[in-house]
Amino acid sequence: MERISESGKCLVIALMIILKTSFVIETAVTPRIQPFNFPKTVTFDTQVSVTCAVSEGSLPVIFSWKRNGQTLIAYDEKIHFRTHEDLSTLKIQDLDVSDIGNYTCIAKNSGGVDSYTSQLLVKAPPYWKSQPVNVNAILGKQAFLHCDVGGYPRPHIAWKKFNDFRTEDVVLQSDYRTKILDNGSLAINSVEKADEGLYTCDAENGIGEGITASIRLELHVPPNIIVLEASKSIRKGESALLQCAVSGERPLTISWIKNGNSIDKSFPRYDKFEEEVADGLQANLVINDSEREDEGRFVCKVENNYGEAQGTIQLQINEPPSSPLDVRFVNIGSRSARVVWRAPPSVNPPIVLYIIRYWKKSGALQEISVSNTETTTLLNDLHAGFEYIVQILAKNDVGVGQPSEMATFTTKEEEPDMSPTDLLVEPVDSHSLQISWKPPPPENHNGLLKGYHIGYKKKGTTSSFMYETIPTTNNKLQHMVLKNLQPSTSYTVIVKAFNSAGTGPPSDEFVCLTLLGDPPPPPELKLQDVQWNSATVTWSHPRDMKGPVFQYLLEYGISANRQQKLHIPGSVQEYTIQDLNSGQHYTIHIAAYNKFGCGKFSSPLLVVIERKKGSDLRTSATPDAMSFYFELYFVIPVAASVTVVICVVVIAWACLKRTRFVQVKKSSLYVAYKQRASCASVSGVSASRNSRVYDVAWEIPSGTVPQNGPHYTKLKPPYVLS
């Protein structure tokens, strides 16, 4: 119970303290200051006092004073404060200009704060608040000439300008460029050269003497720039000269800026220099070997002590467009294809059109153009099955740019639209025909030729053609042998070319007759003897060979392009080839003729001619012994003997020659050559093609050849075909 009573006591005491505090706060009254004023007529060197009293408010009250917003403190016996509980008196002695101002009394207690302000004016003649100074004005800018005067009543200010050409100064009035401000300052807008000179500020207020001050306005010229060309265009690779005319008060500092970056030594192709001109300087910037990155905004900037100026030049680099990009093809057909590309990066001046160049391999160049808004076009009138090469070029007012990378496409194939040409059919033997032709012109292939269909049938029959197919070759003249045909039978032959798309039209029909019999088989050629300048060969025929041989064709030579040809009578089966080169390799082969023509050549025989054996004559005779052979009794007999030997040899050679000539004449040597059976194109043009050449025809012995049989051409010794 005692503990509870003590706690209760503490609670009662706390409540009493809170109630007492609340009562005090609620009963404190904010002070209120009675209005007060300084005397209206106050002069210099006198004193003045004013009392600030509260008409209400809880005590105690704390007073303080301010002048023109600054806390006022008593000092030097000049300012005094006398403060009581409810009032405060301010006393100021030895009044002067510095005492003029607004004085504020502040009263504060626990309930709040109050203040009141009164103005102290002291009658005083004009005085300088701040001493006037000369003014540096900038041409074209605004200038202020300050005349900072104090005094009460407020002084009247008048401005004059000294004029060299008048006896009296010019009184200035406010106009469109000149204005006298309320604070007495003179404002001049857009200063001109004529505004430079000496100005006078006069101030008076009827108290004492007025005051006067002179102010000199000095004119300074700021920098000025005139850009000679605000925009400039050049071709890539050319040099550009950017210029601006600079004027202003020296010293002048000139700099160049490109796209916000100062031009310095990091621009190795840029040269800067200035040159004197009549009215200032001319600033020059040279850009050598211009590139596309030189394009942009150039600023010519000049500075001096009184300002800065700048001029802008826009440089445009003109160049032909770069190459179009990503050339590709869509919708490729046999006669057309669409080409698509991507425009190159933009350049100056802009692209006006695109040029499309395309050509076949080994073909003529073709060219079309489209507007700059198109990046696709259709290529028409193409050849089927051909590879085309395409390049795209862009053009602007400067010129034509570089072509794009070459792109290729191949048109789809169509069947050939022209037949093979120069068809020729010749009989080989009684069961075979030799067929030759030329391919259609390349522009008519319409693709890659795969081969040929050779059609044949007996002449006059209504049956369909039978076909044999062969692949194409790279030769200009195509060959094929039809076999297993019937003897002495006329056949009609046609040829068609084909590719992967189909078969072209047939050639003109060609009719040819197979032979009644077969040319002889190739003889079996053997080497019998080899000397240092000759080779002897022999040959023979199979025993079952049908029909006689009328002659042989012997060919020999060092290479295939240097073959010698010899025609040898059919009765001869051995021959010695003379005048061969010692140490050389020769190939020899032989073919036989009968009434049906020339048979196949034998397998080539390789012969190596022996080298000629030389002799080495040596003598051991002395010089004295050698003189014996030059004596007349030795020389004359020897010369006579040599002459006799030569005469004998010449006579023997002449007799031998005559004997051989007689033997040849008596042997009635002939060459059998039968004109091939007539073969002709259906169109009627003769197609016989036999290039064999013989000597001129002689008399043909009667009874040698049956009528309508082979024709003969007599040979001249030594049986060489020229």
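Helices (H or I, at least four residues) and strands (E, at least two residues) are DSSP runs, numbered from the N terminus. Strand E27, residues 307-318, contains Ile317. The model is predicted: local features need pLDDT of at least 70, side-chain atom pairs count only at pLDDT 80 or more, and totals for chains, interfaces and linings use all residues. Residues are numbered from 1 along each chain as its sequence is written, and side-chain values use heavy atoms, with hydrogens and water left out.

The protein chain has three helices and 53 strands. Of its 722 residues, 37% are buried, where buried means under 20% relative accessible area, exposed over 50%, and partly exposed in between (1.4 Å probe, protein chains only). A contact means heavy atoms within 4.5 Å; among contacts with a separation of 6 or more, 63% join residues 24 or more positions apart. The chain exposes about 43,400 Å², and carbon and sulfur atoms supply 52% of this area. Accessible areas come from the Shrake-Rupley method with a 1.4 Å probe; for residues, only the protein chains shown count as cover.

Not counting residues up to four places away in sequence, Ile317 touches Ile234, Lys236, Ser290, Glu291, Arg292, Asp294, Glu295 and Asn348. One of these, Ser290, is 27 residues from Ile317 along the chain, and the two C-alpha atoms are separated by 7.6 Å.

Two strands pair if DSSP finds at least two bridges between them. E28 and E29 (residues 337-342) are joined in the antiparallel sense by four bridges, and Leu325 has Arg342 in E29 as its bridge partner.

Strand E37 (residues 449-458) is largely enclosed by the rest of the structure, because eight of its 10 residues are buried. E37 runs antiparallel to strand E40 (residues 490-499), to which nine bridges join it; here Lys457 stands opposite Thr492. E37 also pairs in the antiparallel sense with strand E38 (residues 466-471) over six bridges, and the bridge partner of Gly451 in E38 is Pro471.
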